[in-house]
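Visitor: Good morning. Could you take me through this protein step by step?
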Amino acid sequence: MARHGGRGWYGRVLAAAVGVTAVAAATSVWTAQAGVVDAQRNGADARPGAASSAPARVATVSEEIVHASDKGAHGVNITIDDGPDPTWTPEVLQVLRENGVKATFCMVGTQAEAHPDLVKAVVAAGHRLCDHTVSHDTTMDKKSEAYQSKEILDAASMITKASGGVRPEYYRAPGGAFTPYSRHLAASQGMRPLGWNVDSKDFELPGTDAIIATVKTEVPNGPTILFHDAGGDRSETVAALREILPWLKQQGYSFGFPVR
């Protein structure tokens, strides 16, 4: 998985991440939120102080990086990174809706915190959430375990709060900068590490036709396709999705989610 360089947009995001709660506090918030969501899913009364038989815990998942689709050998997973963005996320959601496609949105914590209405819209449309860290640091694998923990857990807390209580189900390291520690930590919090097989290269703004050609050429490499809905002008991505999604259907692909 190639790293994405030259993302000056994220320099501003890094500053926003400074001063986020300590790791221990983030873990505590995460656990409390997990208990509420688990209780809600089990039909229990999740109001503060209410008795509940639901355990305040998170089911662990595999820490191996997943690429497979839950739709099987001829399924594809559409994944959308770096948002939500007030301009482009609604347009991406519209294209997905028009084609009846569900996707996985890998959200940056500060973006989710800034645009909770969009996080809720993603969830309401039936898409899944993925933790893409607080500040989108593509050098995560070179940082301390304490730093990695803070980036992952704080982002999960931000996304969960913005969504109204729905936790991310996956963790995608920025630029693919996974470590054994980050994979284990994410999995222990119920977030399956998520890779990709097809990089549309849309972040490089190569032109709509180039994005389409890349996906059509590389989709035999595997089911998980990477696009972006933030970090700059994503009009090429939106235009490419309008052609790619119907084309994938014509080729007999079905749309699913990454295996959990």
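This is a predicted model: local features need pLDDT of at least 70, side-chain atom pairs count only at pLDDT 80 or more; totals for chains, interfaces and linings use all residues.

Visitor: How many helices and strands does the protein have?

Guide: The protein contains 9 helices and 8 strands.

Visitor: And what share of the residues counts as buried?

Guide: Of the 260 residues in the protein, 55% count as buried. As for its surface, the protein exposes about 10,500 Å², and carbon and sulfur atoms supply 53% of that area.

Visitor: Let us look at one residue. Where is Thr 224?

Guide: Thr 224 lies in strand β7, which covers residues 224-228.

Visitor: Is Thr 224 buried or exposed?

Guide: Thr 224 counts as buried, because its relative accessibility is 0% and the cut-off for buried is under 20%.

Visitor: Which side chain does the side chain of Thr 224 make a polar contact with?

Guide: The partner is the side chain of Asn 77, at 3.0 Å. Beyond four places in sequence, Thr 224 is also in contact with other residues, including His 67, Thr 79, Arg 172 and Trp 196.

Visitor: Where does Asn 77 sit, then?

Guide: Asn 77 belongs to strand β1, residues 75-81. Asn 77 is buried as well, with a relative accessible area of 0%.

Visitor: What does the side chain of Asn 77 reach at 3.4 Å?

Guide: At that distance it reaches the backbone oxygen of His 67. Residues up to four places away in sequence aside, Asn 77 touches several others, among them Ala 68, Asp 70, Ile 225 and Phe 257.

Visitor: Now a new topic: the helices. At what angle do α3 and α9 pack?

Guide: Helix α3 (residues 88-99) and helix α9 (residues 235-250) pack at about 15°, and their axes are 10 Å apart. Angles under 35 degrees count as roughly parallel, so α3 is roughly parallel to α9. The crossing of α3 past α9 is right-handed.

Visitor: Which residues meet there?

Guide: On the α3 side they include Trp 88, Val 92 and Leu 96, and on the α9 side they include Val 238, Leu 241 and Leu 245.

Visitor: What about α6 and α7?

Guide: Helix α6 (residues 145-163) and helix α7 (residues 180-188) pack at an angle of about 35°, with axes 10 Å apart. Here too, α6 passes α7 in a right-handed crossing. Glu 145, Gln 148, Ser 149, Ile 152 and Leu 153 of α6 make the contact with Tyr 181, Ser 182 and Leu 185 of α7.

Visitor: Back to single residues. Where is Ala 112 found, and is Ala 112 buried or exposed?

Guide: Ala 112 is found in helix α4, residues 109-114. Ala 112 is buried, with a relative accessible area of 0%.

Visitor: How far is Ala 112 from Pro 84?

Guide: They are 28 residues apart in sequence, and their C-alpha atoms are 6.1 Å apart in space. Pro 84 is one of the residues in contact with Ala 112; Met 107, Val 119, Ile 159 and Ala 162 are others.

Visitor: Last one: is Asn 221 buried or exposed?

Guide: Asn 221 is exposed, because its relative accessible area is 52% and exposed means over 50%. Asn 221 is found in the loop between α8 (208-218) and β7. Its C-alpha atom is separated by 6.1 Å from that of Asn 197, 24 residues away along the chain.

Notes:
Residues are numbered from 1 along each chain as its sequence is written. Side-chain values use heavy atoms; hydrogens and water are left out. Helices (H or I, at least four residues) and strands (E, at least two) are DSSP runs, numbered from the N terminus. Buried means under 20% relative accessible area, exposed over 50%, partly exposed in between (1.4 Å probe, protein chains only). Accessible areas come from the Shrake-Rupley method with a 1.4 Å probe; for residues, only the protein chains shown count as cover. A polar contact is a pair of N or O atoms within 3.5 Å; within protein, one must be able to donate a hydrogen and the other to accept it, and residues adjacent in sequence count only if both atoms are side-chain atoms. Contact means heavy atoms within 4.5 Å. Axes are lines fitted to C-alpha atoms, for helices over the stretch in contact, and angles run from 0 to 180 degrees between N-to-C directions. Angles under 35 degrees count as roughly parallel, over 145 as roughly antiparallel, 65 to 115 as roughly perpendicular and the rest as oblique. A crossing is left-handed if the near helix is turned anticlockwise from the far one by less than a right angle, and right-handed if clockwise.
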